[in-house]
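Here are my notes on the model, as numbered points. Have it open while you read.

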Amino acid sequence: MEAELTALTHRLSAAVGGYRSSAATTMADLAHAVEVVDSRLPVAQLEVVFRSAHVVSVAVRDVDDPGRIGLLTRPRFTAAMTGRLGFGRAVYSRRATSEITDWAPMVVAPAAPVSEVAVRAMQRYDDRRYDDVLVADDIWRIVTTADLVRSLSTLLAVRSLHDALTGLPHRSMLMHALARRCASALGTQARVVVLMLDVAGFARLNAAHGQQFGDVVLTALAARLRSGVPTGAEVARTAGDEFAVIATIPAAQSQQHAVALAESLRREIVTLAAEPPTGITPAGWPTLHSAVVCSAAGSANADELFRNAQAGLREAKDRRLLLQAPPANPS
């Protein structure tokens, strides 16, 4: 059971990982090919390599020890050529590249997380802190410090706006999107719809099968919602087992018609979420509480819509509890 859950978790994580495409998470995502030169290459010949503005560093292969790799950055090369008294070129031009190479560069695996590598890079001594990072792969690759810091900043921004488990936007990002929709609908015939969903009996599900299984269920449900909602709709995880879908109805014949369309959307999404994904038995797949609200034409308030949708969800849960309660004993 544990192995099956682990495999299922990995598959579902891949399914919901699309939001991370805007921020690299491993060094393999950032790395690009680097020119590799032999350690015995005369320094004078390196000038030809560094004439290209696109070359910021070269990797240096030790001819006498193929397993050893060094790094020569443009600033290090320029400093060597200049020299303290301006005689660097005369001193080094005929010498081997090995003499001006850093033989202790930072080398990481392709799967190394960007966040961890960025921290390690910033812990280096001042003269090496901003050196590029070599990535040991089938071919040597490199990541510039600028790319590393830029990707880390983007990754942190993305993570601050998205739920770590499901990859969905969290509540504050949803409210921003909802406010934007309401502003766009102002003075038009458009209506904004908010649909709330939560997992019925989620605490019991966790108690019966464990928290890891509960996480799998939430991840699978998020993937199903993301891939199945109509074009233009947005999905978010607003609380532990609570999700929201927002959409805009461009035009409807009347408010009654708009409410009917919103209800149709609710039924469509609940039906979409009803079938368990491969790997989860029907007995382990929960049902959902749901509620939907629709604004009036051309007039929508984000906070009010969200509050009304949450109130509707509470009422839906209360109704189900009443239906499931045993009949009272006759007096």
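1. Which residues does Ala296 touch, not counting residues up to four places away in sequence? Ala190, Arg191 and Gln255 are the ones, where contact means heavy atoms within 4.5 Å. You'll find Ala296 in the loop between β11 (288-294) and α12. Ala296 is partly exposed, with a relative accessible area of 38%; the cut-offs are under 20% for buried, over 50% for exposed and partly exposed in between (1.4 Å probe, protein chains only).

2. Some ground rules before going on. This is a predicted model, in which local features need pLDDT of at least 70 and side-chain atom pairs count only at pLDDT 80 or more, while totals for chains, interfaces and linings use all residues. Residues are numbered from 1 along each chain as its sequence is written, and side-chain values use heavy atoms, with hydrogens and water left out.

3. The overall picture: the protein chain has 12 helices and 11 strands. These are DSSP runs, numbered from the N terminus (helices are H or I with at least four residues, strands are E with at least two). Of the 331 residues of the protein chain, 43% count as buried. Take the contacts between residues at least 6 apart in sequence, and 71% of them join residues at least 24 apart.

4. Val34 sits in the loop between β1 (32-33) and β2 (36-38), and counts as buried because its relative accessibility is 12%. Its C-alpha atom is 5.2 Å from that of Arg141, although the two are 107 residues apart along the chain. Beyond neighbours within four places in sequence, Val34 is in contact with Ser57, Val58, Ala59, Leu134, Trp140, Arg141 and Ile142.

5. Leu313 and Asp198 are 115 residues apart in sequence, yet their C-alpha atoms are 8.1 Å apart in space. Leaving out residues up to four places away in sequence, Leu313 touches Met196, Leu197, Asp198, Glu242, His289, Ser290 and Ala291.

6. Is Arg124 buried or exposed? Arg124 is buried, since its relative accessible area is 14%. This arginine lies in the loop between α6 (114-122) and β6 (133-135). Once neighbours within four places in sequence are set aside, its contacts are Met106, Arg129, Tyr130, Asp131, Asp132, Val133 and Thr145. Met106 is 18 residues from Arg124 in sequence and 9.0 Å away, C-alpha to C-alpha.

7. How many aromatic pairs does a search of the whole structure find? The answer is 1. Phe50 and Phe77 have ring centres 4.8 Å apart and planes at 20 degrees, so the pair is stacked. For the cut-offs, rings of Phe, Tyr and Trp (its six-membered ring) pair if their centres lie within 6.5 Å; planes under 30 degrees apart are stacked, over 60 edge-to-face and the rest tilted. Phe50 belongs to helix α3 (residues 43-50) and Phe77 to helix α4 (residues 74-82), so the pair ties together parts 27 residues apart in sequence. Phe50, at 5% relative accessibility, counts as buried, and so does Phe77 at 6%.

8. Two arginines sit over rings. The charged end of Arg68 is over the ring of Trp103, 4.2 Å from its centre, and Arg95 lies over the face of Tyr92, at 5.5 Å from the ring centre. The rule here is that NZ of Lys or CZ of Arg is within 6 Å of the ring centre and within 35 degrees of the ring normal.

9. On the cysteines: the count comes to 0 disulfides, taking a disulfide as a pair of cysteine sulfur atoms within 2.5 Å. Cys182 counts as buried at 4% relative accessibility, and Cys294 counts as buried at 18%.
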